[in-house]
Amino acid sequence: MKTVRAQLAQGYAWWEHQLTNMEGAQEPVAASGISFHLWRLYQHFWLLCLLFPIVSLVQAHPAPIRLFVAVAALVFFAASYTWLMWPHPASSGARIRAQSRTSLILFAVLVALVLALSLIYGFAFLWLFIGVSAIAGVLLPVRSAFLAITILILLPLVISIGTSGSVARVDWLQLIPLVLLVRGLGLDMIGVARLSSAIRELHAAREELARLAVLEERLRMARDLHDLLGHSLSLITLKSELVGRLVEKEPTRAVQEIREVELAARQTLREVREAVAGYRQPVLESELDGAQQMLSAAGIECTIKHTAGMLPPATDAVLAWTVREGVTNVIRHSRARYCSIRLTRENGAVHAEVINDGDPRQEKNIVWRRAGSGLSGLSERVTALGGHMEALTIQVTELEAGSTPSTGKEGFRLLVELPAQSSTMSRRKVRL
């Protein structure tokens, strides 16, 4: 029973895959404006060229063996023409058929067959070059198709003049329409094939753009969730550790801290819901307050200087992400004792600095190791607004936290510079 169920499941999956492929293959056909049925009707219409040799055979009353060979050749021609022209030019089957070695061999056989029949049975079989020209236009690449159609135009002329003995004896009233049909149908098929190829490429490009858009959206959501949860969960972890130390020594303060943990958890849940529901921009002022609270809970002294004034919403949001990511990395990786956050405006640009006196080598190595999140994600936001970002080791000579200066040692600085009034914002959709 399990084996039967497994086979049924596999069969259902196979049919679902086939139906999906068929739906995907039908989209370029629908976009071309020519349905499968219309294409089949159009390509079968040109089998009317078989009427000329058939009428010629009926009127000539050839020997049975010659009649049998001619009829067999006509049946072979009709079957080969139908097989080569059956796939819709905009479908994947036409592209596969055009790349098939069998198709090219069959095309060459048809050219030789029509030449032989025309030389053996007469002028009426030259009308089969109309179908051969249509096959050349659909099957061959553009340059090869032009060359083949040119040769197919010249062949009836050469054969007619050769069999007639002179130009004056050629029946031009039949030859000129034949040459025009060979040329016209061949060029029409080249146009149809090129249009179908362009439609297939456009459809493939649209599918690729849709796939890239989905990947970009997933990356954006992953980046935003990382930034949201990384900051908030770090705060909850630190406060929980603090509660563990205070629960016996200072129960009252421990109760207050656990209430703040609850509030932080609720806020995190609300922010995650907002991020999943749609786009969310953090606010700089709120991030500065949260950063001070978070650093204080981690036992890191800090100073905050904010003189940038009012900022455009997009700039404010990127600076808020800068403060959030910078402070999160200070707490997680730096082992710092002091941290300084500065937001200033100079010469039409806004600067955000997060400086700490922790271990710069450890912080820089850990922070940049995670591609697609952390400072890498922040760098994408900054670049989108036309700014630039630096994360580097410095000599801490100006950092003061509280009353304790920290000078003469190495530290780590995260610097973001953005245009105060970015013209890029009005021209480019920025994903934060």
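Guide: Contact here means heavy atoms within 4.5 Å. Keep in mind too that this is a predicted model.

Visitor: Leaving aside its neighbours within four places in sequence, which residues is S118 in contact with?

Guide: S118 touches F123, F125, L126, F129 and I159. S118 itself belongs to helix α6 (residues 101-121).

Visitor: Is S118 buried or exposed?

Guide: The cut-off for buried is under 20% relative accessible area. S118 has 2%, so it is buried. I159, one of the residues in contact with S118, is listed among the buried residues of α8.

Visitor: Which other residues of α8 are buried?

Guide: Among them are A145, A148, I149, L152, I153, L155, P156 and S160.

Visitor: How do I check the length of α8 against what its residues should span?

Guide: The expected span of a helix is 1.5 Å times one less than its number of residues. Helix α8 covers residues 142-164, which is 23 residues, so it should span 33 Å. The C-alpha atoms at its ends are 34 Å apart, which agrees.

Visitor: What comes just after α8?

Guide: G165, with a positive phi of about 95°.

Visitor: Now the strands. In which sense do β1 and β2 pair, parallel or antiparallel?

Guide: Strand β1 (residues 301-306) runs parallel to β2, and the pairing extends over six bridges. Within it, I304 stands opposite I341 in β2.

Visitor: Why is β2 described as largely enclosed by the rest of the structure?

Guide: Count its buried residues. Strand β2 (residues 338-346) has nine residues and seven of them are buried, so the rest of the structure largely encloses it.

Visitor: And at the surface, which residues form the nonpolar patch?

Guide: A residue needs over 30% relative accessible area to be part of a patch. Here the patch consists of F45, L48, L51, F52 and V55, which together have about 460 Å² of accessible area. Helix α3 (residues 51-60) gives the most to it, with three residues.

Visitor: Where is F45, and how accessible is it?

Guide: F45 sits in helix α2 (residues 36-45). Its relative accessible area is 45%, so it counts as partly exposed.

Visitor: What about the protein as a whole: how many helices and strands are there?

Guide: The protein has 15 helices and seven strands. Of its 432 residues, 44% count as buried. The accessible surface comes to about 23,600 Å², and carbon and sulfur atoms account for 61% of that.

Notes:
Residues are numbered from 1 along each chain as its sequence is written. This is a predicted model: local features need pLDDT of at least 70, side-chain atom pairs count only at pLDDT 80 or more; totals for chains, interfaces and linings use all residues. Side-chain values use heavy atoms; hydrogens and water are left out. Helices (H or I, at least four residues) and strands (E, at least two) are DSSP runs, numbered from the N terminus. Buried means under 20% relative accessible area, exposed over 50%, partly exposed in between (1.4 Å probe, protein chains only). Accessible areas come from the Shrake-Rupley method with a 1.4 Å probe; for residues, only the protein chains shown count as cover. Patches are made of residues with over 30% relative accessible area and no salt bridge: like charges are joined within 9 Å, nonpolar side chains (Val, Leu, Ile, Met, Phe, Trp, Tyr) within 5 Å. A salt bridge is a side-chain nitrogen of Lys or Arg within 4 Å of a carboxyl oxygen of Asp or Glu. Two strands pair if DSSP finds at least two bridges between them.
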